[in-house]
Amino acid sequence: MPPAGIWIDGLVQSCIYMTMAFGMVLVFSILGILNWTHGQFYMLGAFVVYYAVTAAGVPFPLSLLISGVIVGALGMVVEKLVIERLTGPGYGLLAVTAATMALIFFFEGAAGMAFGLMAKGMATTLPGVLDMGSFSISYQKIAVIIFTLVIMVAMYIVLNRTKVGKAIRATAQQPDAASLYGVNVGWVSLIVMGIGCSLAAMAGGIMGPVQSVDPFMGRIPMIMSLLAIVIGGLGSLTGAIVGGIILGLLNSVIAYKISYFSEVALFLLVIVILLIRPQGLFGAAPK
Amino acid sequence: MIKWYKVSSLLVVVVMVLSLLATACAAEQQKPAPPQPTGPITINVGVPMPLSGTAAPWGQIPTPLREGFIQVFNKDGFKVGDQTYNIKMVQVDDENTPEGGSAAAKELIENDGCKFFVGHWSWNFSAIAAVTNPAKVIFLTRNGAPDALPASWAGGGAYDPKTMPYVVFGTPSQEEFLADCFALVDAFPNYKKIGLVDSSVSKGGPGWIAVQKALDKQGVRWASEWFTPGTTDFSPMLTRLHEEGCDIVFVAGWVGEYMAMLKQRWELGYKDMHIACSGPFVSMDIYQSVVGVDAFEGAIGSYEAPWAFKKTKVNPNIIAQCQETLKIAAQTTGGPYDYTGEFPWVPAHVEILTQAMQKAGSVSDPDAIMNAIRGGTFDTTAGKWTMSGAQTYGSPIVFGTPASLCSIQNGKEVYLSEHPMEPLP
């Protein structure tokens, strides 16, 4: 049995993957595309938090909100200028996929030019380690877990108790019907892209003090959150959460058990899950 | 008639002889004077270096130090015969990739006329050597990357002395890694076990096989762990090493990963676990900001400040040059500049190269210069050392340079220990 420290480490990773995956699924549900640039919004969020804290002296929790707002707005710009145009008549799924993939290198290159390629790190905002006897956990990691819980509860309330949330859910289920009932589907798409990117940005921001911040930091979380979605079931918000938890814990436990072979085992496991249940754990079975 | 004929003939002969003498004297007078020494002649020296991509910081940050050293070096330059020469450093981005290395090498040779490369450390040794050797360009580099080791070694490298006669392993990183392990044992004689950590790219490679054999031979207690490139979470690996009884973890030069390990070791509560790296601390500010001030305390890394060595004697003039270089680098960057990790690279390679030119009496004959390098003794920023000639790898590799370590105390580098290098295997 792995020690408690490994489970905690896995849980912290799970928090990031589920937050990222949740945003990706939300975008997929409404726009019908996988936003391949999601990892770069994660990276940009980390940079916003880094500069807000280190250059402007903004308190860390407030800087997280600022990163959510700024990067969320940037996501909306991308939706309006790129995604909306390329999902219109005359364009195929390939065009928008290629465009969001191209944006990966655009944002990484732009971040490299603007912020430098050097890894940056901010001072731990919650210094100290909670000694539990047989294991320790840093206060910063506890903050990541609490932050994720707060985000998930907030998203539950937004999606289930607000007009915007109901419009999003209606559009996800039946966009044409939602439109007939007066829901502005274009506006909902914009809002959803903003929320998705905002979640990615805050996930990147909360990880800033845990890991370092650099222009390429979004790649692995992007791949892992994509896998979380596949495990959980494409289009399922519950699946994104469960997939994120499973993947984070598995990643940590397998790495502890078999060291650097862990990725081979992890991806093999994903393939096995898909062979047994192609629609993922919570996805609808193909008709 | 006869008399007149004889006199006129004699006159003709005399005139001809005088004419010939006059012509000879005139020719003697017109013969160009032997060349007198003029101003310094500049020699372009290529430095292929990562200036873009993820490794760029390690190419960019030491640039002021490289430029500062060349500036100091050129104050007097160096003499071959009566002629004084200066060095011009031409730095080109090699992107830390084989393709980038090959393109950079071609650009330096074809566009910049470089006949010598120094200071190279990127992961593209064989790509650059494939360009430099046919062009007889002397290439001062490091060993240690999987391809920059002899093809004859177990695990197989790519270096072949027969086809790469102009390669000089001027910085023996492979041997330095081993000597660093011994320096750690010197610093912590009561250690339990050293956990050696490297990328899975190097697993089973010739360098590791040689190092592990050498450690076993010296009775050093060790365990090893590997990580996939791109890994950011080292908590599982550190937990494994902790459970294996390792109280020292030694990382093979992966700076970003090393920083992550320092931080995560602290978060896991393994405060007594020493984390060391075979590279120098490129910037105190970066480490402190990424790792955190508390977790950075006690970090161990290479220490290349020549004035701090305790077992190695460095020429006082060269020490003065290095200290002046740091001042220039500080002026260039507009702030304190304390990175000394570059001294065994471009500065040391320039010293080896220019002193070899002096011994060879030529700045343009690569074979004569290589003959001077093989087995030659050179005064460098890392001490005075004799190259191994063709005895090691078939390359005139430097030996005896110090593997010197420091530990971070109150945010400053403090000398920890030093161990001389010995050839592998």
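Student: At what angle do helix 2 of chain A and helix 9 of chain A pack?

Tutor: This is a predicted model. In chain A, helix 2 spans residues 38–54 and helix 9 spans residues 219–232. Their axes lie 8 Å apart, and the packing angle is about 135 degrees.

Student: Is the crossing of helix 2 of chain A and helix 9 of chain A left-handed or right-handed?

Tutor: The angle of about 135 degrees between these helices of chain A goes with a stated hand. The crossing of helix 2 and helix 9 of chain A is right-handed.

Student: Which residues of helix 9 of chain A make the contact with helix 2 of chain A?

Tutor: Helix 2 of chain A contributes A:His38, A:Gly39 and A:Tyr42. By class, the residues of the contact are three nonpolar, three polar and one charged. On the side of helix 9 of chain A, they are A:Arg219, A:Pro221, A:Met222 and A:Ser225.

Student: Which strands are at the edges of the open sheet of seven strands in chain B?

Tutor: The order of the strands in chain B is 8-7-9-10-11-14-15, with mixed pairing. An edge strand pairs on one side only. In chain B these are strand 8 (222–227) and strand 15 (412–420).

Student: Which strands does helix 8 of chain B touch?

Tutor: Helix 8 of chain B covers residues 235–243 and packs on the sheet. Its direction makes about 170 degrees with that of strand 8 of chain B. The strands touched by helix 8 are strand 7, strand 8 and strand 9 of chain B.

Student: Which element of chain A gives the largest share of the side that touches chain B?

Tutor: There are 30 residues of chain A in contact with 28 residues of chain B. Elements giving two or more residues to the side of chain A include strand 1 (129–131), strand 2 (136–138) and helix 10 (237–258) of chain A. The largest share, four residues, comes from helix 1 of chain A.

Definitions and conventions: Residues are numbered from 1 along each chain as its sequence is written. Chains are lettered from A and ligands numbered from 1 in the order in which they are written. This is a predicted model: local features need pLDDT of at least 70, side-chain atom pairs count only at pLDDT 80 or more; totals for chains, interfaces and linings use all residues. Two strands pair if DSSP finds at least two bridges between them. Two residues are in contact if their C-beta atoms, placed from the backbone, lie within 7 Å. Axes are lines fitted to C-alpha atoms, for helices over the stretch in contact, and angles run from 0 to 180 degrees between N-to-C directions. A crossing is left-handed if the near helix is turned anticlockwise from the far one by less than a right angle, and right-handed if clockwise. Ala, Val, Leu, Ile, Met, Phe, Trp, Tyr, Cys and Pro count as nonpolar, Asp, Glu, Lys and Arg as charged, and the others, Gly among them, as polar.
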